[in-house]
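Work through the exercises below with the sequence and the structure in view, and try each task before reading its solution.

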Amino acid sequence: MPTIKTKKEMNLPQLIEWGFENDFRHKSFITNESNRDKQTEVHFNAAGIPQFSSYADKDDIFTVEIGKEITEKTKLWKFIELSSEGY
């Protein structure tokens, strides 16, 4: 099935909850913030347990990519069609 990938921002508690709901294993997420001169990493290990860098803070923001399956019932609000001529 084809999927639509979107980016979403989550704070640390939301990321952990989302990781548990989706049973993440062997997956890491890193903040893209540099306002504190550091990056926070959250790694879901082989058992699905999150491990944190020493600088983890509940207010850290993570940008994650979420894939959603497209079905006949999926509502598409905006889309672009390109032809082989480039317009």
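Rings of Phe, Tyr and Trp (its six-membered ring) pair if their centres lie within 6.5 Å, and planes under 30 degrees apart count as stacked, over 60 as edge-to-face and the rest as tilted. The model is predicted, so that local features need pLDDT of at least 70 and side-chain atom pairs pLDDT 80 or more, while totals for chains, interfaces and linings use all residues. Residues are numbered from 1 along each chain as its sequence is written, and side-chain values use heavy atoms, without hydrogens and water.

**Exercise 1.** Find how many aromatic pairs there are, and classify the pair of Trp18 and Phe24.

*Solution.* The count comes to five aromatic pairs. The ring centres of Trp18 and Phe24 are 4.9 Å apart with planes at 75°, so this pair is edge-to-face. Both Trp18 and Phe24 are buried, a term that means under 20% relative accessible area, with exposed over 50% and partly exposed in between (1.4 Å probe, protein chains only).

**Exercise 2.** Classify the pair of Phe29 and Phe44, and say where each residue lies.

*Solution.* The ring centres of Phe29 and Phe44 are 6.2 Å apart and their planes are at 90°, so the pair is edge-to-face. The pair links distant parts of the chain, since Phe29 is in strand β2 and Phe44 is in strand β3 (residues 41-44), 15 residues apart; strands (E, at least two residues) and helices (H or I, at least four) are DSSP runs, numbered from the N terminus. Phe29 and Phe44 are both buried, and ring pairs join Trp18, Phe24, Phe29 and Phe44 into a cluster.
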